[in-house]
Amino acid sequence: NLNGLWQFAEAKEGDKPPVGKKLDGQILVPFPVESALSGVMKPIRRLWYRRTFTVPKEWADDRVLLHFGAVNWESTVWLNGKELLTHKGGYDPFGVDLTDALKKDGEQELIVGVHNPVDAGTQPRGKQVLRPGGIYYTPSTGIWQTVWLEPVPQASIESLSLVPDVGKGEVQLTAKVRGEAKGL
């Protein structure tokens, strides 16, 4: 579980990720930057998150996945200076395989860049607005759901697709796999 205190800083459009740089602020993940529980409690449209972690030695033969419960709204993930993923969506979980970007040992540097245009963009936003009042409320920017690492075997199921054919009483199952199964 990677919840807890992370470093953070405000960002500007076009900024490069702060690889190898300590950030001045601290934020408690998984709480929106605007919330009191985050420890920040101010509106920020763009921000950087940074933290380091080590991979347990017993995971050496596994692939290592990083999962986010939700980040509002656009997030880009870097590991050890390598950009791995950009995700758009504030309410859905997503993840990325970190394995190929991991260093052999020692601390790994994870950076997440977040942008939430709130009511200035065309993204789904619910009732979040920059000037809350009435039925509208404060935005929920940033990492607001749990973040965790997961070891999986080198060959594993990445996703399943199930397509029912009610008329035939059948289901077509398609598995997307990662890695190669040896000895099967």
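Okay, quick definition to start: two strands count as paired if DSSP finds at least two bridges between them. Keep that handy, and remember that this is a predicted model.

So, have a look at β12, residues 156–165, and β13, residues 170–178. These strands run antiparallel, with 9 bridges joining them, so they pass that cut-off of at least two.

Now for the inside. In soluble globular proteins, nonpolar side chains tend to be buried together. Here, the largest nonpolar core has 28 residues, and the ones touching the most other members are W6, Y49, L66 and F68. Among the elements giving two or more residues to this core are β1, β4 and β9. Apart from that core there's another one, of 5 residues, including W48 and W78. Back to F68: leaving out residues up to four places away in sequence, F68 touches V77, F94 and W148, among others.

Most residues other than glycine have a negative phi, and most peptide bonds are trans. But M41, in the loop between β2 and β3, has a positive phi of about 55 degrees. V118, in the loop between β9 and β10, also has a positive phi of about 55 degrees. Which is buried, and which is exposed? M41 counts as exposed, at 55% relative accessibility, whereas V118 is buried at 2%.

And the cis peptide bonds: one joins V29 and P30, with omega about 20 degrees, and another runs from N72 to W73, with omega near 15 degrees.

Key
Residues are numbered from 1 along each chain as its sequence is written. This is a predicted model: local features need pLDDT of at least 70, side-chain atom pairs count only at pLDDT 80 or more; totals for chains, interfaces and linings use all residues. Side-chain values use heavy atoms; hydrogens and water are left out. Helices (H or I, at least four residues) and strands (E, at least two) are DSSP runs, numbered from the N terminus. A nonpolar core is a set of buried Ala, Val, Leu, Ile, Met, Phe, Trp, Tyr and Cys residues joined through side-chain atoms within 4.5 Å. Buried means under 20% relative accessible area, exposed over 50%, partly exposed in between (1.4 Å probe, protein chains only). Contact means heavy atoms within 4.5 Å.
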